[in-house]
Amino acid sequence: MNPAASDLYAVDGASDAATSNVWRTREDLWEYLTHTAEKIGSDLSAETNLRLTRDIIDVLDRLALVEGHWAHPGLAAVDELRAFAIAGDVAGLSEAVERIKHRRRLPAPAAGVALSEGEAGSNGRPRFEVLLVDDCTAADGAAFVHEMLRQRRPQDPFVYEINIVPSYEDAVAALLLNTDIQACVIRPGFKTRSRRPLEQDIRDFLAASATRDLQNGRVLDPARPIQRILRLAEKAAELRPSLDLYLVAGVSIEKLGGSLTSRFSRIFLRADSLELHLSILRGIGERYETPFFTAIQNHSRRPGGVFHALPVSRGGSVSNSKWIKDMEEFYGLNLLLAETSATSGGLDSLLDPHGSIREAQRLAARAFGARQTFFVTNGTSTANKIVHQAMLAPGDVVLVDRNCHKSHHYALLLAGAKVAYLEAYPMNEFSLYGGVPLSSIKKMLLDYRAAGRLHEVKMLALTNCTFDGIVYDVERVMEECLAIKPDLIFLWDEAWFAFAGFHPIYRRRTAMAATQALEERFRSSAAQEKFAAQAVALFEAETGNPKDDDVWLRTRLVPDPQKARLRVYATQSTHKTLTSLRQGSMIHVYDQDFAGLSEEAFREAYMTHTSTSPNYQILASLDVGRRQAELEGCELVQKQADLATSVASAIDQHPLLRKYFRILNTSDLIPQEFRSTVSPMPLMDGLAAMDASWHNDEFVVDPSRLTMYIGATGVDGDTFRHHYLMDGHGIQVNKTSRNSVLFMTNIGTSRSSVAYLIEVLVKLAEAFESAAETRSPRAKMAHSLMVSRLTKGAPPLPDFSSFATRFRTDDVLPDGCIRTAYFETYKPDACEYLTDHGVRQRIKEGQEVVSAAFVTPYPPGFPVLVPGQLISANVLDFMAALDTREIHGYDKDHGYRVLRPGKTG
């Protein structure tokens with residue numbers, strides 16, 4: 001292969017290639033084959049044709065390493081092309097490549113089974129692959145596949161191809177890499193080990209998985225077919241829970257039905273190929289259903305008259321207007337036809353759903369692994385308020401991350417709960433916060449236990465993942481907290497993490513997946529045995545009282561499974577990371593006591609905060625977004641993460657980019673005490689490395705979040721965002737700090753947009769370089785001072801000082817009541833304004849200066865002051881050093897709004 005082609009299309013490390021970017025490598029290799037085959041011909045010299053043929057053979061050798069995980073084009077196509085290339089049959093090679101090029105979007109017929117004219121021409125039907133796990137070397141296996149493919153009909157709503165793998169290891173590899181797989185059929189004849197070379201990354205993943213299974217008492221025994229089938233079914237459900245699983249057995253399926261039914265959608269006899277075929281299509285159809293989106297489409301097509309509110313309904317006030325017809329031209333007539341305030345005709349009511357909305361929410365619960373899911377049409381800010389109001393009563397204590405989204409702080413004000421703020425670890429150099437260490441959470445709970453107030457603690461609220469991509473080990477946090485307080489409620493703000501449930505590795509750190517795992521574990525006898533063994537070290541034998549808190553802090557706690565209750569809520573901004581119109585959000589519930597303790601309160605809270613006129617277009621987009629997430633979420637999330645790593649790699653490898661920019665890695669964002677991982681970016685080392693990190697580390701970094709350090713440019717983050725990126729090149733970013741910019745890839749990010757970002761960064765680096773060469777001595781000094789200001793001496797991020805004494809419960813524990821302080825400000829002459837100097841003077845005089853308002857700078861976007869909080873010098877120093885245009889709750893002319901001394905009751 002010529003050097004240019006090698007750079008573009010090589011698979012690093014040949015058979016030891018990392019698998020995280022297999023989709024990209026495979027796509028490039030097939031494109032290169034097509035491009036090169038088009039060049040070969042009689043008009044080129046024999047030497048050139050020979051060189052191009054050798055390039056093709058090289059690419060085919062590389063494709064052979066990964067193509068076995070796909071049914072189409074598959075290894076047969078690779079072998080066919082290699083035969084032509086080795087024989088020097090240029091014409092045959094070109095013809096075969098062209099044929100494969102056109103067939104790549106069509107299902108290949110089985111041997112001896114021709115596609116009908118209708119099937120071959122129906123390109124609009126969605127296509128997918130069915131993974132068949134069976135050692136099909138025997139004639140019986142081949143006949144089974146032939147019979148399955150023969151059942152396909154032109155009238156089928158979907159088209160599938162069968163991807164055959166002979167072993168457990170091959171099946172796991174295919175499920176990890178081939179996101180076209182939507183169903184899995186298992187036959188008892190499969191082997192345990194793969195007979196062909198697997199990528200080193202896959203071998204590492206399998207080895208680590210086997211070790212964890214062994215530790216959990218799950219052994220893959222080749223001599224026990226049913227046990228082997230169960231283990232593969234469990235692994236498939238773990239990696240790709242949305243897949244439909246089917247078992248095809250030869251005999252005694254009645255007995256198998258009793259032991260395996262819970263693991264499989266259905267069990268079939270060998271001869272039931274038609275029923276299996278129809279079941280596969282039905283399974284896909286159930287995921288493809290969008291009850292509310294379908295209902296609103298039907299409504300838009302139905303003739304009728306509008307004699308109620310909403311003049312825009314059916315385009316009434318727009319289509320016949322002389323002045324606003326451009327609205328219809330811009331948005332389209334369908335948007336107007338679908339706009340209505342009716343709740344009949346299949347459209348249902350969001351506040352009291354019994355039809356299409358209820359069914360859409362049921363499907364969303366299935367997709368996200370929840371027991372119940374509720375749609376929210378005005379954002380996760382509202383979703384958070386709903387959960388807080390539903391779970392909390394005045395006087396309840398809530399442990400909450402101090403730098404969580406402001407909606408939590410406002411929700412706690414409304415609920416009247418007492419707030420005990422937890423501190424995340426700071427990254428002062430970058431003006432960023434990480435996550436709250438588990439040791440801090442445990443200590444806070446133990447402090448409340450020691451003070452006899454643990455019964456007052458109702459909820460723990462944390463952000464997972466944070467804006468900057470710090471992800472908790474959700475399962476471990478809940479497990480250890482429940483060991484201290486078995487009835488603790490958890491609210492996980494997953495506003496930026498809705499996509500995570502659809503990727504094999506991301507999923508385990510989502511609230512719903514972690515809760516499912518804990519529920520299954522608590523049901524096992526091993527859990528009770530483990531708790532009993534640990535109790536000896538944690539409780540005094542004579543009295544049964546807990547031993548010193550230090551022992552509890554040093555121990556990785558396990559709860560009493562007979563007492564622990566799983567009461568978990570997750571709020572997600574679907575519109576932020578999945579397909580949905582703006583403000584489309586969901587609340588996922590996995591609460592074992594929901595029906596008995598929370599359902600009525602939740603319904604009232606939902607009524608309180610939900611509009612009686614919800615936007616139906618948002619609801620429809622949530623329904624469609626769920627369909628997409630179930631059917632192609634795995635593929636899109638893997639691409640999103642891989643594209644982010646390609647940006648990081650490009651910056652690291654480009655000398656000029658590296659001079660001015662740096663992507664912060666795991667070592668920068670997570671202190672060593674919270675991780676065992678040494679890899680700067682685990683996904684770059686492959687899925688196995690990422691899997692190990694996400695299983696073992698207390699905190700991990702979402703690889704699709706790229707925090708780019710820009711201190712060396714001498715430009716602050718806010719200026720870089722607005723002037724250089726958005727105004728200069730149309731690149732939008734959500735967040736900056738004083739010396740960093742956050743880039744986020746998502747499921748809509750394309751390779752072209754990634755290439756454009758890198759191109760823009762190169763242009764900016766060249767501009768910085770040119771400016772550096774032409775600066776005057778005075779300008780150089782000024783620039784050097786700005787760089788120093790951005791890279792050194794940043795003020796420490798402020799901890800929560802404390803609530804003023806009059807708003808605290810006691811002098812020992814930190815909780816205070818925001819609500820009391822907030823309504824104190826309603827009293828006449830209760831407040832005044834103080835400048836920075838005025839506040840510092842009163843602090844110097846020994847007075848308490850109490851904030852009367854939320855003060856929230858953007859960035860970083862969380863309140864540095866809340867009502868009732870003492871203003872400290874640390875907070876003032878931080879505020880003075882901020883480079884930001886927007887500070888909510890702070891008056892630039894008058895300063896801080898504070899409570900007057902002596903004006904409180």
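Five strands make up an open sheet with parallel pairing, arranged in the order E2-E1-E3-E4-E5. The model described here is predicted. A second open sheet, of four strands, has antiparallel pairing, and the structure also holds 38 aromatic pairs.

**The parallel sheet**

- In the sheet ordered E2-E1-E3-E4-E5, the edge positions belong to strand E2 (159-165) and strand E5 (266-269), each of which pairs on one side only.
- From one strand to the next, the twist averages 25°.
- Seven bridges connect strand E1 (residues 127-133) with E2 in the parallel sense; Leu-132 has Ile-164 of E2 as its bridge partner.
- Helix H8 (residues 168-177) packs on this sheet and touches E1, E2 and strand E3 (181-186), with its direction at about 160° to that of E1.
- Helix H12 (residues 273-288) also packs on the sheet, where it touches E1, E2, E3, strand E4 (244-249) and E5; the direction of H12 makes about 170° with that of E4.

**The antiparallel sheet**

- The strand order in this open sheet is E16-E18-E20-E19.
- Strand E16 (662-663) and strand E19 (735-737) are the edges; each has a single partner strand, so one side of each lacks a neighbour in the sheet.
- E16 and strand E18 (residues 705-709) run antiparallel and are joined by two bridges, and Ile-663 has Met-708 of E18 as its bridge partner.

**Aromatic pairs**

- The distance of the centres and the angle of the planes describe a pair of aromatic rings.
- Tyr-421 and Phe-800 form a tilted pair, with 4.7 Å centre to centre and 50° between the planes.
- Tyr-421 belongs to strand E8 (residues 418-422), while Phe-800 is in the loop between helix H33 (777-791) and strand E21 (816-817); the pair therefore ties together parts 379 residues apart in sequence. Both Tyr-421 and Phe-800 are buried.
- Phe-674 and Phe-699 are an edge-to-face pair, because their ring centres lie 5.4 Å apart and their planes stand at 90°.
- Phe-674 is in the loop between helix H29 (666-669) and helix H30 (687-696), and Phe-699 is in strand E17 (residues 699-701), so this pair links parts that are 25 residues apart in sequence.
- Phe-674 is buried, at a relative accessible area of 8%; Phe-699 is buried as well, at 1%.
- A cluster linked by ring pairs consists of Phe-374, Tyr-569, Phe-594, Phe-602 and Tyr-606.

**Arginine over tryptophan rings**

- Arg-26 is placed over the face of Trp-70, 4.1 Å from the ring centre.
- Arg-449 is placed over the face of Trp-552, 4.2 Å from the ring centre.

Definitions and conventions
Residues are numbered from 1 along each chain as its sequence is written. This is a predicted model: local features need pLDDT of at least 70, side-chain atom pairs count only at pLDDT 80 or more; totals for chains, interfaces and linings use all residues. Side-chain values use heavy atoms; hydrogens and water are left out. Two strands pair if DSSP finds at least two bridges between them. Axes are lines fitted to C-alpha atoms, for helices over the stretch in contact, and angles run from 0 to 180 degrees between N-to-C directions. Contact means heavy atoms within 4.5 Å. Rings of Phe, Tyr and Trp (its six-membered ring) pair if their centres lie within 6.5 Å; planes under 30 degrees apart count as stacked, over 60 as edge-to-face and the rest as tilted. Buried means under 20% relative accessible area, exposed over 50%, partly exposed in between (1.4 Å probe, protein chains only). A charge sits over a ring if NZ of Lys or CZ of Arg is within 6 Å of the ring centre and within 35 degrees of the ring normal.
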